[in-house]
Each structure stands twice: as C-alpha cells, then as structure tokens.
Amino acid sequence: MKSLKLISLFLFFCFTAFTQVQVDKLRCEYLQNPIGIDIVIPRLSWQIKVKDDSKNIMQQAYRIQVASAKDAFDKKKQLVWDTGKVDSDQSVHIEYNGQKPQSRDRFYWRVKIWDNQDRESGWSETAFWEMGLLKTEDWAADWIEPVLEEKKKANNPAPMLRKEFSLKKKIQKARLYITAHGLYEAFLNGKRVSEDLFTPGWTSYHKRLQYQTYDVTSLLRKGENAVAIRLGDGWYRGEFGWQNNWNIYGDHLGLLFQLEVEYTNGKKELILSDASWKASTGPILMSSLYDGEIYDARLEKTGWMTTAYEDSDWGAVRIMDYDKSILIAPQGVPVRAIEIVKPKEIFVSGKEEVIINMGQNMVGRMRFRLKGQPGDTISIYHAEVLDKDGNFYTENLRNADQKIQYIFKGEGVETYEPVFTFQGFQYIKIENYKGTFSKDDFEGVVIHSDMEQTGNFECSSALINQLQSNIRWGQKGNFLDVPTDCPQRDERMGWTGDAQAFAPTACFNYNTSAFYTKWLGDFRVDQLENGAVPWVIPNVLRGSGAIGWADAATIIPWTVYLKYGDKRILEVQYESMSKWVDFLDSLAGDNHLVQEGFHFGDWLFFIHPSDWNAKPGYTDIDLLGTAFLAYSSDILARSAKLLGKEKDAQKYSQLHEAVSQAFQDEFITKSGRLSSHSQTAYTIALAFDLFPPEQKNAALNYLTQNIIKRNYHLSTGFLGTPHLNPVLSENGHLDIAYKLLLQEKYPSWLYPVTKGATTIWERWDGIKPDGSFQLVKMNSFNHYAYGAIGDWMYTTISGIRHDAAKPGYKHIIIKPQPNNGLTYAKADFESLYGKISSSWKIENGEISISITIPPNTTASLFLPRKTEKIDLGSGTYSYKYPYQQAETEK
C-alpha cells in the first residue's frame, strides 16, 4: 500500500512537471489557506500558469474538489463537493456550493482546468480553509477583566494575565480563539502565538469585535503549560480623538480566551478565560497610540510566561457578561512588522540635540540594543521633519507626544521595542542616555497591514520615481488596519474623504480587497439611521454627512468591484450605498440642489499666500454637493442594474438625470462657464459628465486656461485632485497633464520631492520655499490623499486600465500615452488573474513597447499615435516603430 502511494505521488509530480499549463495561487476570499473565517459561502480563485511561450490561453473548463480530509480525494465518500467538469472561463470568485460549513470545519480543496488548446492541467496543490466559531453558543469562555486599581482619565500600566493548565494526553491539534477589549499580545509557554500586531484590530467595538483563530498545536505539550497575555489600551481605551476624549469604548480592558485541544484519542479539552486566571502589572507603565510608551525593565517579571513562575502575589480577575453576538472573524489582513529600516546618519543639531535620521518617513517603532546601569533612562522622541535650521520639529504633532521612555535594569545589552503603540517619523531625538551608541544599535520596524504588493511603476524621471515611492510609503503608513488620514499627530482616524480619493491608487499598489471589505463593514454599522455617513470610520467623532467624504459609501465599493470583479461587495454594501444617496437626495429636496448641511468641500485647495483674489481656488459647496449627488446616484444605478434590482436601477438612473439637469440649470452659464470658476469645479463637472455635449469644449477651455494662467500649476484640493489629470488626458490635453505632473515649483506633486519628502504631504506647501512651515494645527507630512495621482501614472503613462464591462481585469485595456519629457516608463500589476505589464521606451527616433497579458484574460491594445485597436490574448508582445517626440513633448 505504501509503495502504491509513493508511485502515485511520483506520477503526480512527473505529470505536473511536464504539463505546460498549471493551476497556481489558490485563494479563498482573497486569502491563502485562511484559518477561522465565518463566511459560509466562501469564494475560490486561482491563477493559470503557462510554462511554454504559447499565447491566447483561455480556460475552457474547471473542476473543483473539496474534501473534509487532506488525503480524502481518492476516497470519494469524504468529498463534500465535486463540481465535475464545468464549462466556464471563470477562475475568480467561484462560490462554494457544497456541504454547509459548521463551526471549526476544515475544508481541503484542489482544482484542475482545461484550456482552449485541449490541454488539461492536472490537479493543483491542495489548499484549505477553516471555519471559525459561527454561533454565539460556540463560545464557552467568559469575558474576564483584571481587578486593578486604575485611574479613569489616565494612561494606566498595561495589565498582565496568566493561567497554568495541564494537558494529560498526546495532542492531535489545538486552536486558540481569542479577542480583547483593547489590544492583546498572547503567549503559550513563553512563545508568541502569532506575528500579528495590534490584535484584535480596530472596528466599531460596540457593534463588531473581531476575534482571531490560531493553530497553536506546536506551542503546547503534554503535561504542564502556561498562557500569558498582555493587554494595551489601543483604540479601545485611553485618550483618542480631540478635546480630552478618553475611553471611547470602555473604561476597562478585558480578555476572551478559548483554547480547544483535541487529543489523538479523539477526546477534547477546553482551556477558558474564567475566574481562575491571575492578574498583575509589570514593566509597561503606560502605552498610548498618541503619546508612546514608558517601559521600566526593572519591573519585568522573569518567567511569568512559563510554568516555572510563582504567581501567588498576583491579583484576581472578575467575570463580565458582555455581548458575544457581536463577535466576528477577521475580514481583512493582519497588521504585522513588514520590514526594517536602518538609520542613515546620527548628528547633533544647532540646539545640541542628538538626532538619528532614518532616511525615510515611516510608520512603526524603533528597536534598540543598548547597555545601561539600573535606573538609567533613555527617552526617544519622534518627528517627521526638521525645521529650516536643522533642529528637531514636533509642533505639527499637536498634542501627541510620540515619546518612548525606557528605564534600564542594568543586565548587559538590553533589547527593546514598544508593544502597544506606533509612531510616524523620519527623525528620532535621543535624550537622557548616559552611554554611547552607533547607528548599528538602532533600527526602525515598519508596521502596516500585511497586504500583498501588486503594483510597480518606474520611468525616466528620478523625481517621479521618488513620487511613486512617496505614494507607496504614504499608503503603507496609513493602512494600519483602517485607512487613516495620518499616522503621527493626535488624529490617526479613518477619514472617509481621504479614503475615497485614494482608493483607485491604493488598489494598484497593493491588494486592498480584504482590507476595504473589513473597513466597509464598519461603514455599514456606523452609518446613521437617516443614512448620513460619519466623517470617520470607525466613528469616534460627532460629525457626519459631508459630501465627497460620505460618498466613500458608493465610491469605494464601486472601485473594489471594478478592480477585483467583486460583485459581492456591491451586494453587501448596497443598503449602505442607497441609504447615503437617499439621505443626500433628502438634503437636496425637490430642486435636486444640495444646499444644506456642513461640508468640508474641496479640502485644502491651494490659496496663494499673497494674491488670493487673482488666483482663486475655492469651489462652492452647493456645486460640489450637487455634483457628488449626481455621481453617487449614477454609481448606485449601475450597481442596482448589476444586482438585478431593476426598479432601483430605474429610480436612481432617473435621479441621476434629474440632478444632472439641475446642476446644468443652476451652475452652468450659456457659455459653458461655471458659477465657481475654479479648477476643481470644472474638473469635477467634467469627470462626472455633467456638461451638455455642446458646452464641454468651452468648459475644457476654461479649465486649461486657468492652469496656463497659473504657469501650469494646480490649485485643487482633496476632491478635485484625483480627477484633474484624468480629465485633461481623456479630453485632448495630455500635454498639460504631463506639465502639471512634471511641475517642480509649488503647488505641485513634485515640489515636496524637491524639498526632500519621502511621503505625500497633507498640504501642497507644508514646507514653504523659504523653509517655514504651514499652519501647525494641520500640517501632516504623511497624508496619502494627494497621492491619488498614482492611478493616473498607472493608467495613462503606462496605460494599464480595467474594463468596466469585464471588471477585475478579465478584459484589459492597454493604452500607454508618452509625452512631456519622459523617455521611458514601465509598470506591472498583479491582478487576480496574474501579472499585467506595460512598458515603453523612446530612443533614436523609435518607440519600443512591451506588453504582457496573463492567461485567461484578453486585452485591447492602443499603441501611441496609432488609430487601430489590437485585440490580444495572453502572452508577451513587443512592438517597435518610428516615433519622434513633438516639440510640446520635449
């Protein structure tokens, strides 16, 4: 029997090795082998790999098998789903339709495909998904809270919890289901249960609280074991928000812990959070997202994570009865330490400050290895920039201290990295340390949601390449479980306006599908009953209903649909989308003009410091509000049609037409001029197709003349900027769009780059030409909104575009558009089907173009200065032909 298995295995690998078409990268709900999901109808996806250079490869059929055991595929009795051979080219988002999943079930699955060249792939490698706890009654554990003396409006020491337990038999498998009020760090027998950070993540805690599931089989042993937990305030407790806002979600930290152990004899045992646990505090004297951490190493409790520790002096815990029906499995990706940044230099400023320059504005925390005497202290302050004299600058942090204080225990080299906090910084200032140190003693730990990097862009301009790097670092720094505005000052919230502006770019740089799915879940539960959308999600402020911000309710689900072909996101978010449009329509009233409510408008549009009247950038709120009502109603009508909601599709289509007509009647003159004569006004109206055809050219002329009169500078804010260059390039003004991109003087995208920026700034002139700063109350140097230009760089310079008729890049449009001053550009994007790439180079009077299309997709290629469309299947293609840059392109 054993020899037969070996022969079968040998034949499988031989067949796989010689098969020219293979199935790869199996995913369940965008994730590889997820553990602890609660989606009872998960979707399965895969990619097709071709080992030869054959082109035009399309899947013609697939077969999926799902089993309850990994070795069960040859035992058909244990198959829970077998599709048989299905004639279809669908290879993403195939809904599981087998045996209904129950809590804790693990399903193994594999797939094979047939292509259009009559080739069979053979079976893929086996993947799996595992269910979490699907019912409230699955939770046998109790919520517990440490009984400690704590102050209400203060940063308290971090609680520590522990319990010892005995496992009497040989262990087959073990699963830990765990969550907390606050943040938790969990250890079994002295080892961390996972690399995940800032668990359980930030959600609208009173309505949705994530729990994590971990396979901890390897961390347990027969005999005595110990579990140790550290808790931190995080977003749950402590100071967060403005105006002395403390303990938003609760006054006490807590733990819910359920360890399920299965022995080899089939028997099970539960280790639960209950009254038997012990509680204390230790070296973390305070930990705050805004203010940092104080760690006294002298207070470490050696061995407290192990069974050798004596905890008789520890205190008790109390049992609490909190609602477990709000518990959900994670829908996004975990936050993790992703990379290490080494210091660039150490120097002493004019104020005699000892400063370390990391060389990159980053988000995370510092790790150091230093010696000190017992009681010695090192204080580390964090800043994004230096002032014009080269001194440490923290005024723009407002009330956030961003300070780490470490007190040495005096036992050789001590290694420390904060636990429950993160900072946004490029520079750190060292104070109070009595010893000597070098660059090698410090390193920066970069932390963000562990998204798959999917996009790359490069061109012949070093400044634009740095801009692309800045966009990517801005996304990394602000995609820490929720899409925040900034990562450093006393804010760090999920501002909806920033998020919708940046979403298309975000989806190019990283796979954000699961990330947005998780955040949009809080969107639904935090949306007000009347349909108004809070300014920030999760909702920790009091404001709501701002146009352009709240329209994230429609724009982001639609963007996810277009980028990933994810129809389910529209189904799940549809009620939220329609509630927002209905609310905004109610504000507009019978005349369909949005003239009520508080709105941020075109936030941080550029105002000339000395000649505002001559160079206005302001756009009327009612114009913007009405335009966004038209835009969101159009998105909603399209979504309704896709979902088969024909009555809604007609209703919102008619609303879109009525609002568009109202916009034209109220804001457009007969000559095509807008009542708000700003770049953003024309950009938004053109982008949302609100001009009658006969007035469109006049509007474009007003827009381009505005830009030219400003010597090719922009004046747009958060709402107008994402659409400015696309409007220009799609309407015959590619040269002006390129000039805006290549502009180095402020306001422009490249001005911050010339000032040494390594992330995107909140304001066009965060640092002015004379080295002075913008207003300290609002001047972040890591704010991704203006990085929305990245989408245009991918779609227009390199030319990689989705096709709305076949979303998710099932059909790809490749339309590179070379122009002003660039001699080459290249980009690639890892779609759900595989890598798409587009590059061009102009040299010696010729242009060379290379295109790669992944299997199971098709593409339409539009070559520069060629009129015909070229239809392509999968494969790599090269083109070369004479090409002279026009004078306007040099």
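Author: Axes here are lines fitted to C-alpha atoms, and the angle between two helices runs from 0 to 180 degrees between their N-to-C directions. Keep that in mind as we look at this predicted model.

Reader: Thanks! What angle do helices H10 and H11 make, and how far apart are their axes?

Author: H10 (residues 693-709) and H11 (residues 721-730) pack at about 115°, with axes 12 Å apart. The crossing is left-handed.

Reader: Which residues make that contact?

Author: From H10 come Leu700, Leu703, Thr704 and Ile707, and from H11 come Leu724, Val727 and Leu728. By class, that gives six nonpolar residues, one polar and no charged.

Reader: Why are H3 and H14 called oblique to each other?

Author: Good one! Helix H3 (residues 496-509) and helix H14 (residues 789-798) pack at about 55°. Angles under 35 degrees count as roughly parallel, and roughly perpendicular begins at 65, so an angle between those limits is oblique. H3 and H14 are therefore oblique.

Reader: How do you know that the length of H7 agrees with its number of residues?

Author: H7 (residues 621-642) has 22 residues, which at 1.5 Å a residue should span 32 Å; the end C-alpha atoms are 31 Å apart, so the two agree.

Reader: And what makes H7 largely enclosed by the rest of the structure?

Author: A residue is buried when its relative accessible area is under 20%. In H7, 16 of the 22 residues are buried, so this helix is largely enclosed. Just after H7, Gly644 takes a positive phi of about 75°.

How values were computed
Residues are numbered from 1 along each chain as its sequence is written. This is a predicted model: local features need pLDDT of at least 70, side-chain atom pairs count only at pLDDT 80 or more; totals for chains, interfaces and linings use all residues. Side-chain values use heavy atoms; hydrogens and water are left out. Helices (H or I, at least four residues) and strands (E, at least two) are DSSP runs, numbered from the N terminus. Angles under 35 degrees count as roughly parallel, over 145 as roughly antiparallel, 65 to 115 as roughly perpendicular and the rest as oblique. The expected span of a helix is 1.5 Å times one less than its number of residues. Buried means under 20% relative accessible area, exposed over 50%, partly exposed in between (1.4 Å probe, protein chains only). A crossing is left-handed if the near helix is turned anticlockwise from the far one by less than a right angle, and right-handed if clockwise. Contact means heavy atoms within 4.5 Å. Ala, Val, Leu, Ile, Met, Phe, Trp, Tyr, Cys and Pro count as nonpolar, Asp, Glu, Lys and Arg as charged, and the others, Gly among them, as polar.
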